[in-house]
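Open your viewer and get ready to click around. We'll go stop by stop, and at each one you'll hear what to select and what to look for.

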Amino acid sequence: MNPPKTEAQQRERISVQIVPHADAASAELARQIAALIRARSAEGRTTVLGLATGSTPVRLYRELIRLHRETGLSFQTVITFNLDEYYGLPRTHPESYWRFMHEQLFNHIDLPAENIHVPDGTVPRAGIYAWCRQYEEKIISAGGLDLQVLGIGRTGHIGFNEPGSSRDSRTRLVTLDRLTRGDAARDFLGEANVPRHAITMGIGTILDARQVVLLAWGASKAEVIARAVEGLPDESLPASLLQQHPNLSFLIDEAAAGQLVRRRQPWLVGPVEWSPKMVRRAIGWLARKLNKPVLKLVDEDYSEHGLADLLTEQGPAYGLNIRIFNELQQTITGWPGGKPHADDTRRPERNAPFPKRVLVLSPEPSADVIGMGGTLRRLVEQGHETTVVYLTSGNLAVPDEEAAMAAELVADLARDLNDSSSVLSAFVENVRQQLGASGSTAPESAYVRRIKSILRRNEARASLNSCGISSERIKFIDLGFYERGRYRQFHPDPRDLTSLTQVLREIQPHQVFSTGQQEDPSSLAAVCFELLRQSLAQTKREPWQADCRVWLHRGGSSVWDLADIDMAVPFSPPELARKIHAIYQHKSQRSQAIVATGFHESWQQAEQQNRALAKNYDQLGLAEYEALEAFERYDATA
Ligand code: GLP
């Protein structure tokens, strides 16, 4: 019999293990897989593994490779079946899952080639049904899946079983959801290049595995994880159908657990420690739930909604309300760099020194203005020495069409000016050739990437100039991991860290603004944040750091809990309009997709997020603003 559930788990219909970091979780699962393989192989039996692609399992694969190399773990007795493959992609395509699996795992272990099974994206249409049946039969004749590893898509899909897939579905051809194709757009350099169909194992196929482990990292998965774990099983959210599996667990990191009741409203599921942040979280939740401003909450509101404990410990409501109201009020400031000569005991930022040296570290062009375009302008207007450093060129995010247009512009100009130098025309010719070849994401497309970098630089300059930042205060450090890498496959090395540390040492900032702490660890923003974290740790003892505060914003689609906000900077309607204008300068980043319901451009997302935050404060009875940008203080010494 299973041990009784803890209070926290009672709302959860799936066994969830929350681990602080993706690395630790992946190592734990790799250890379990190794033990399974060894135990079965000692009995002369094979182990049948169901494998997944995407960035989520990459750490697991890295760890399995390490175990193979360092502890002699052998895969000779392992048979693998992959979940899915894009339909229409040959194995050689840079985005094919066949290629992905070979690059990330198979090429580095001793798994016999004949034991590898990945759905074939090139089967002719007429043969798909028969092919899929054979795939199922092969799984059965191998003995069935012993362990299936899963990731999860933002639509709640597993494999490529999109919403609407039935519990009994088997391996088949499916049509990809709009959101899924949008999420894959970056990998394929534009949504137009993302295949429309895929072959995937069915939900029934997955449920037949003897054990299933689903992995998820980062805040972008938090909502879908909470729905899959706490909601009723429903075909509109395929991962929720896993609830019916007898041996299933979700292994997720803190950020992906962020929307579970045990994290968001832990007082509803058990005793909590009433830290100041927790009290704020609870009261913010109560006020929103009852649609009342904080100062109007009464004792009964607390006691009737699971907060009797808080009331006994820190009540009555009257005093509690005032305390929290003031705390929230004090996060709001029109002076993000501190207000000179003002009493700063209750302000988010200190008044001195003034002006401050402010460093905005942006993972790529546009992340800066999306997250803090309004605050940036304020900092400049209030006289701070503000420098924006773009860590990467962002060239991977430029669609080929934009590069082609830029190349033709150069060619036309050379012609107009009767420029006889061969340098420009050779450059244009190289760009044309590389664009003509498939897969311009490849590192060998140096000319294409160069012209794309130039495009993004100029957009960034236009954007920041519109915020009042002059071009000499804008730096591009083009970190090597990005130029060498691909989406979801960035491997920073000590050179990247050195470059970033050099920037910090040169500027010796009093304030650093950045982002990425909550993101999927393989995302660009998270990779950049990790470099910042390491760089700050490395320079911990340098005198400038004693006088430096680090402020983090979040991506445009993230949700903030008011309890996590340490500084909120308000804006008037024209200021919000100017921020949108600044984001709008990143023209190559506008969606190429035909407008569809529910899909938003980055400036729309930022606008919605900033307005929603203002509304949140307003609903709690605080001042009513048009929009707010929020920041969390990061403690580099923790
Ligand atoms: C794709 C794959 C899924 C994967 C999902 C999430 O859609 N077919 O198997 O779980 O992406 O990808 P990631 O792990 O990169 O977030």
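## First stop: a nonpolar patch

Select Leu 295, Tyr 318 and Ile 322: these make a nonpolar surface patch of about 330 Å². A patch here is built from residues with over 30% relative accessible area and no salt bridge, joining nonpolar side chains (Val, Leu, Ile, Met, Phe, Trp, Tyr) within 5 Å and like charges within 9 Å. Accessible areas come from the Shrake-Rupley method with a 1.4 Å probe, and for residues only the protein chains shown count as cover.

Before we move on, a word about what you're looking at: this is a predicted model, where local features need pLDDT of at least 70, side-chain atom pairs count only at pLDDT 80 or more, and totals for chains, interfaces and linings use all residues. Residues are numbered from 1 along each chain as its sequence is written, and side-chain values use heavy atoms, with hydrogens and water left out.

Now zoom in on Leu 295, which sits in the loop between α10 (276-290) and α11 (299-304). Helices (H or I, at least four residues) and strands (E, at least two) are DSSP runs, numbered from the N terminus. Leu 295 has a relative accessible area of 47%, so it counts as partly exposed. For that label, buried means under 20% relative accessible area, exposed means over 50%, and partly exposed is in between (1.4 Å probe, protein chains only).

## Second stop: the ligand

Which residues surround the ligand? Select Gly 54, Ser 55, Thr 56, Asp 84, Tyr 97, Gly 151, Ile 152, His 157, Gly 159, Phe 160, Lys 221 and Arg 488 to see them. A residue counts as near the molecule if one of its heavy atoms lies within 4 Å of it.

A backbone N or O atom of Ile 152 is 3.2 Å from a ligand oxygen. In the side chain of His 157, an N or O atom is 2.8 Å from an oxygen atom of the ligand. For Arg 488, a polar side-chain atom lies 2.4 Å from a ligand oxygen. On its own the ligand has 390 Å² of accessible area, and the protein covers 92% of that.

Jump to Arg 449, in helix α17 (residues 446-466). This arginine is buried but has no salt bridge, and the nearest side chain of opposite charge, Glu 483, is 4.1 Å away. (Lys and Arg count as positive, Asp and Glu as negative; His and the chain ends are not counted.) A salt bridge needs a side-chain nitrogen of Lys or Arg within 4 Å of a carboxyl oxygen of Asp or Glu.

What does the side chain of Arg 449 make a polar contact with? Show Asn 395: the two side chains make a polar contact at 3.2 Å. That term means a pair of N or O atoms within 3.5 Å; within protein, one must be able to donate a hydrogen and the other to accept it, and residues adjacent in sequence count only if both atoms are side-chain atoms.

Stay in helix α17 and pick Ala 462.

Side chains of opposite charge can pair when their charged atoms come close. The count of salt bridges is 44. Here are some to select:

- Glu 70 and Arg 66 meet at 2.8 Å, N to O; both are in helix α2 (residues 58-71), 4 residues apart, about one turn of the helix. Glu 70 is exposed at 57%, while Arg 66 is partly exposed at 33%.
- Arg 415 and Asp 412 meet at 3.1 Å, N to O; both lie in helix α15 (residues 400-416), 3 residues apart.
- Glu 607 and Arg 611 have their closest N and O atoms 2.9 Å apart, and both lie in helix α23 (residues 602-619).

## Last stop: backbone details

Find Gly 315 and Pro 316, joined by a cis peptide bond with omega about 5°. Pro 316 lies in the loop between α12 (308-314) and α13 (317-329). The peptide bond from Phe 354 to Pro 355 is cis as well, with omega near -10°.

Finish on Ser 366, a residue other than glycine with a positive phi, near 95°. Ser 366 is in the loop between β11 and α14 (367-381).
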